[in-house]
Amino acid sequence: MSLKPIVFFALVAACGGAPAAQNPNTTHTTQAELGPAPGDDAARLSWAIDGPQRSAADKARDAARHPKETLAFFGVTDKSHVIELWPGGGWYTEILAPYLRDDGKLTVTNFDPAKAQGEQKEFAESFDKKLSSAPSVYGKVEVRRIAPPEDLSLGPDGSADVVLTFRNLHGWINNGYEKKVFEAAFKALKPGGVFGICEHRANPGVDPKTSAKTGYIPEQSVIDLAQSVGFKLGGKSEINANPKDDHNHDNGVWSLAPTFRGGDKDRAKYGAIGESDRMTLKFVKP
């Protein structure tokens with residue numbers, strides 16, 4: 001397997017953000033104005049998913065990412081206080097912000113553009129711009145400025161109902177601070193709170209530090225890590241599984257849609273696979 005392109009990703013991930021190719025709508029902003037939300041929880045989530053603040057490209061990925069089913073599995077309701085870690089281009093933020101706007105709370109992590117450099121600075125500025133682009137959508141979102149591994153405070157201890165992360169763990173492992181993030185999530189959650197993780201799934205038994213360079217992580221290593229900081233496994237779901245993905249590609253997970261890092265080489269083959277095979281794990285703070 002060629003690792004040269006993957007090493008490039010690792011350098012980008014070291015800045016704390018996902019690469020633009022993996023989040024093609026990172027710079028997408030919207031002037032959408034959202035009116036009153038439906039009163040019913042389920043209707044409110046559908047309203048947020050279908051809203052004009054989301055681009056057509058983002059909505060097209062719902063079939064692979066299953067946001068409604070995933071958030072339900074993690075126990076998120078419209079009254080939850082949710083912390084979203086490393087939101088990247090804000091794919092889930094676009095859903096969570098309006099869903100939680102009226103009766104819940106959304107906190108997101110981001111870096112300080114005044115202190116960040118290079119790719120990290122670009123992603124920080126882009127995400128801040130996104131949040132300021134539509135006050136009716138993002139006006140109540142709280143931003144926690146972090147600077148890992150030294151500063152990973154996610155807010156007051158025991159304040160959150162749910163902490164969520166989507167396809168970020170491989171970057172934390174590549175940077176060597178994955179346990180610190182898990183510890184921060186544990187501290188921020190209330191007793192009974194949920195840490196929800198979606199991540200590209202490697203074949204069982206592989207070394208996570210090696211497989212992280214390809215974007216994939218073995219499921220058991222995630223469970224072991226979460227349990228080492230005090231979490232209990234609350235459940236597994238195959239909502240985001242893809243049996244067509246054998247986890248072995250020249251450019252790692254970035255060979256697949258939507259990145260297609262290999263360009264035209266084997267594009268039809270990778271297109272037929274679809275997006276990556278993903279574990280969906282729910283951990284509970286006792």
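Student: Trp86 and Phe111: buried or exposed?
Tutor: Both of them are buried. Keep in mind that this is a predicted model.

Student: What about Phe195 and Phe231, what kind of pair is that?
Tutor: That one is tilted, with 5.4 Å from centre to centre and 35 degrees between the planes. Phe195 belongs to strand S5 and Phe231 to the loop between H12 and S6, so here the linked parts are 36 residues apart in sequence.

Student: Why does Phe231 count as buried?
Tutor: Because its relative accessibility is 1%, and buried means under 20%. Phe195 is buried too, with a relative accessible area of 0%.

Student: How many aromatic pairs are there in the structure?
Tutor: There are 11. Ring pairs also join a cluster, whose members include Trp86, Phe111, Trp172, Phe186, Phe195 and Phe231.

Student: Switching topic: which charged end sits over the ring of Phe186?
Tutor: That's Lys285, whose charged end is 4.9 Å from the ring centre. Likewise, Arg267 has its charged end over the ring of Phe260, 4.0 Å from the centre.

Student: Now the core. How many residues does the largest nonpolar one have?
Tutor: It has 33, and Leu85, Trp86, Phe182, Phe195, Val222 and Phe283 are the ones with the most contacts inside it. Several elements supply at least two residues each, including strand S1 (81–85), helix H10 (178–188), strand S5 (189–200) and helix H12 (219–228).

Student: Which element gives the largest share?
Tutor: H10 does, with 5 residues.

Student: Is there another core, or what else is there?
Tutor: A second, separate core has 28 residues, among them Val82, Tyr92, Phe127 and Val137.

Student: Back to Leu85. What does Leu85 touch?
Tutor: Leaving aside residues up to four places away in sequence, Leu85 touches residues including Leu154, Val163, Trp172, Val181 and Phe195.

Student: And H12, which of its residues are buried?
Tutor: Glu219, Ser221, Val222, Ile223, Leu225 and Ala226. They pack against H9, H10, S5, helix H11 (208–211), strand S6 (232–237) and S7. Just after H12, Gly230 takes a positive phi of about 120 degrees.

Student: Glu219 is charged! What does its side chain pair up with?
Tutor: The side chain of Arg201 makes a polar contact with the side chain of Glu219, at 3.0 Å. Arg201 is found in the loop between S5 and H11, and is buried, with a relative accessible area of 11%. Among the other residues that Arg201 touches are Tyr216, Glu238, His247 and Asp277.

Student: Last bit, the whole chain. How many helices and strands?
Tutor: The protein chain has 13 helices and 7 strands. Of its 286 residues, 55% count as buried.

Methods. Residues numbered from 1 in each chain as written. Predicted model: local features only at pLDDT ≥ 70, side-chain atom pairs only at ≥ 80, totals over all residues. Heavy atoms only, no water. Core = buried A, V, L, I, M, F, W, Y, C linked by side-chain atoms within 4.5 Å. Buried < 20%, exposed > 50% of the residue type's maximum accessible area, 1.4 Å probe, protein only. Helix = DSSP H or I, 4+ residues; strand = E, 2+ residues; numbered from the N terminus. Contact = heavy atoms within 4.5 Å. Phe/Tyr/Trp six-rings, centres within 6.5 Å; stacked < 30°, edge-to-face > 60°. Lys NZ or Arg CZ within 6 Å of the ring centre and 35° of its normal. Polar contact = N/O pair within 3.5 Å; in protein donor to acceptor, adjacent residues only side chain to side chain.
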